[in-house]
Amino acid sequence: KNLTPEEKKINKFIKGIKKKVEQNHPSMQKYPHRKRSIEELGIPIAISEKDKERHFEFMLKKLIDYKREHGTYRMPKYDVIKSSGNDNLLLLHNWIFTE
């Protein structure tokens, strides 16, 4: 992905918070506002197993729909998708490469 240095720092910070929440790290009990602040930005931190499964099934359906439409599972390069402005395709691309 072509992230700016600032975006990379934010991404690393959020991943760190998510990991600490999943591991029930003591700092999350000491500083619960960190988790709340990120969730208020619309970034889910703690996701139940049921929600993870639903999201997986939803995205898998999107991938199958993509194959039906394009005849392949191959995705265009990230830069091509990003410049297209197709946010749904960008979400699918990111899901495929992070799942």
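## Charges and model basis

The protein chain carries 22 positive and 14 negative charges, and their mean positions are 5 Å apart. Lys and Arg count as positive, Asp and Glu as negative; His and the chain ends are not counted. Each charge is placed at NZ of Lys, CZ of Arg, CG of Asp or CD of Glu.

This is a predicted model: local features need pLDDT of at least 70, side-chain atom pairs count only at pLDDT 80 or more, and totals for chains, interfaces and linings use all residues. Residues are numbered from 1 along each chain as its sequence is written, and side-chain values use heavy atoms, with hydrogens and water left out.

## Overall fold

The protein chain has six helices and zero strands. From the N terminus the order is α-α-α-α-α-α. The radius of gyration is 16 Å, well over the 13 Å that the globule rule gives for 99 residues, so the chain is more spread out than a compact globule. That radius is taken over C-alpha atoms, and the rule is 2.2 Å times the number of residues to the power 0.38. Helices (H or I, at least four residues) and strands (E, at least two) are DSSP runs, numbered from the N terminus.

Along the principal axes, the C-alpha atoms fill a box of roughly 50 × 35 × 20 Å. Among contacts between residues at least 6 apart in sequence, 43% join residues at least 24 apart. Contact means heavy atoms within 4.5 Å.

## Surface and burial

The accessible surface comes to about 8,100 Å², and 54% of it belongs to carbon and sulfur atoms. Areas come from the Shrake-Rupley method with a 1.4 Å probe; for residues, only the protein chains shown count as cover. Of the 99 residues, 18% count as buried. Buried means under 20% relative accessible area, exposed over 50%, and partly exposed in between (1.4 Å probe, protein chains only).

Two residues illustrate the exposed class. Asn 24 sits in the loop between helix H1 (5-22) and helix H2 (26-30). Asn 24 is not a glycine, yet has a positive phi of about 55°. Its relative accessibility is 53%, so Asn 24 counts as exposed. Ser 83 belongs to helix H5 and is exposed at 64% relative accessible area. The C-alpha atoms of Ser 83 and Ile 14 are 25 Å apart, across 69 residues of sequence.

## Nonpolar cores

The largest nonpolar core holds ten residues: Met 59, Leu 63, Tyr 66, Met 75, Tyr 78, Ile 81, Leu 89, Leu 90, Leu 92 and Trp 95. Helix H4 (49-70), helix H5 (78-84) and helix H6 (87-98) each supply at least two residues of this core. H6 gives the largest share, four residues. A second, separate core has six residues, including Ile 14, Ile 17, Val 21 and Ile 38. A nonpolar core is a set of buried Ala, Val, Leu, Ile, Met, Phe, Trp, Tyr and Cys residues joined through side-chain atoms within 4.5 Å.

Met 59 lies in helix H4 and is buried, at 7% relative accessible area. Beyond its neighbours within four places in sequence, Met 59 contacts Leu 91, Leu 92 and Trp 95. Met 59 and Leu 92 are 33 residues apart along the chain, with 6.9 Å between their C-alpha atoms. Leu 63 touches Tyr 73, Leu 92, Trp 95 and Ile 96, not counting residues up to four places away in sequence.

His 93 is in helix H6. At 8% relative accessibility, His 93 counts as buried. Leaving aside neighbours within four places in sequence, His 93 is in contact with Met 75, Pro 76, Tyr 78 and Ile 81.
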